[in-house]
Amino acid sequence: MSLTLRTISREQHLAYIQSLPSASHMQVPAWADVKAEWRSESLGWFDERTGELVGVGLVLYRQLPKIKRYLAYLPEGPVINWYAPNLNEWLEPMLAHLKQQGAFSVKMGPPVIIRRWEATSIKAGIQNPDVKRLRDIEADFIEPRAFEVADKLRRMGWQQGEDGGAGFGDVQPRYVYQVPLANRSLEEVHKNFNQLWRRNIKKAEKAGVEVVQGGYHDLEEWQRLYEITAVRDHFRPRPLSYFQRMWTALNSEDPNRMRLYFARHNGVNLSAATMLIVGGHVWYSYGASDNIGREFRPSNAMQWRMLRDAYALGATVYDLRGISDSLDETDHLFGLIQFKVGTGGQAAEYLGEWDFPLNKLLHKALDIYMSRR
């Protein structure tokens, strides 16, 4: 297939995404409005013979201070046929176009899964003192074509950090935890939860924990819980305006793109979460909880409700987003994978993010700046 690449309209971009079973929420046109501090562009790949749109990419441009040179970023994209034998014919026109737009470096995240591990394998790995990382465990599924994609990218000059983002080194997580929903009953999904999760869901029900959906005007309450979480877990919270913009932008594009959930006890909100939906893929994107009422297990109750709602929407996967690949109990990120493994499901490893320096000097300078942040 011979291809041409050009800028497309938001309408063309969205129509293509809607024609797919799913795509990353960071590749829908409205994500550009969420990242308002970045300039954006929708790119389309066309089959020269038929004129058909066969791939899209949302590019976010971040300008360097004082000079008109940009980092071009395609988070979890572009949305193209990554297994095409002529992958270079897809990516080379994109690099040429981005260079013309003033990009000095390109960062992208191929949405290609390379390995999967079942919860049972991870649990066995955690109990094995010789296992320190996910990669020390034999994967339950390996996609050979993903290795071919990585080889092609290297031959084209794309680069990747030494650890490939294994410990959240990438901008987007390389490792995620997912609960497959396709061709399964809810009873099967629930049965696959570990004993602690099932017990906690039951405990929350007995205690009278109620899970409800919120709206735009409840984002202030979300922010209250989120900032409590930030203090407890030592991270810098995003401002309320970010979530308000996210809600407005995403739900203007599709009224069911973003949801907000609260788990409450006796009328007091104890935990909250945001959920994103693109086709058959549903993400638990942000979570927050109070320091009180944790004994009522509101987070387990809320996740179970969100998962059931995802199932009712016809989702094929419920994605709990990032984990580290560390299985070392002393690692500060270990608790994250331990919590998510309790849902059954699978850990999935993506190819990670890749960089292409269009201007080696500026790219190196950015690398040094990022490493010192």
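In which strand is the place of serine 271?

**View 1. Serine 271 in its strand.** Serine 271 has its place in strand S11, where strands (E, at least two residues) and helices (H or I, at least four) are DSSP runs numbered from the N terminus. The model is a predicted one, in which local features need pLDDT of at least 70 and side-chain atom pairs count only at pLDDT 80 or more, while totals for chains, interfaces and linings use all residues. Residues are numbered from 1 along each chain as its sequence is written, and side-chain values use heavy atoms, with hydrogens and water left out. Serine 271 counts as buried because its relative accessible area is 0%, buried meaning under 20%, exposed over 50% and partly exposed in between, with a 1.4 Å probe and protein chains only. Not counting residues up to four places away in sequence, serine 271 touches several residues, among them Leu225, Tyr261, Ala263, Ser289 and Met302; contact means heavy atoms within 4.5 Å.

View 2. Nine strands form an open sheet in the order S7-S6-S14-S8-S13-S12-S11-S10-S9, with mixed pairing. The edge strands, S7 (141–142) and S9 (210–214), each pair on one side only, and two strands are said to pair if DSSP finds at least two bridges between them. Strands of a sheet pair through backbone hydrogen bonds, either parallel or antiparallel. S9 and strand S10 (residues 258–265) run antiparallel and are joined by five bridges, and valine 211 stands opposite alanine 263 in S10. Helix H8 (residues 219–233) packs on the sheet, where it touches S10, strand S11 (268–278) and strand S12 (281–289), and its direction makes about 70 degrees with that of S12; axes are lines fitted to C-alpha atoms, for helices over the stretch in contact, and angles run from 0 to 180 degrees between N-to-C directions.

**View 3. The buried side of helix H11.** In helix H11 (residues 334–341), the buried residues are Phe334, Ile337, Lys340 and Val341. These residues lie on the same side of H11 because they cover an arc of only 140 degrees around the axis, the arc being that of the directions from the helix axis to the C-beta atoms. What covers them includes helix H4 (119–127), strand S8 (175–180) and strand S13 (317–323).

**View 4. Tryptophan 354 and its surroundings.** Tryptophan 354 has its place in strand S15 (residues 354–357), and it counts as buried because its relative accessibility is 1%. Although tryptophan 354 and glutamine 160 are 194 residues apart in sequence, their C-alpha atoms are 5.1 Å apart in space. The side chain of tryptophan 354 reaches the backbone oxygen of leucine 351 at 3.3 Å, and a polar atom of that side chain lies 3.4 Å from the backbone oxygen of glycine 352.

**View 5. Tryptophan 90 in helix H3.** Tryptophan 90 is found in helix H3 (residues 87–100) and is buried, with a relative accessible area of 3%. Leaving aside neighbours within four places in sequence, tryptophan 90 is in contact with residues including Leu3, Trp45, Val54 and Ile80. The C-alpha atoms of tryptophan 90 and isoleucine 80, ten residues apart along the chain, are separated by 8.0 Å. The side chain of tryptophan 90 also makes a polar contact with the side chain of asparagine 86 (3.5 Å); a polar contact is a pair of N or O atoms within 3.5 Å, where within protein one must be able to donate a hydrogen and the other to accept it, and residues adjacent in sequence count only if both atoms are side-chain atoms.
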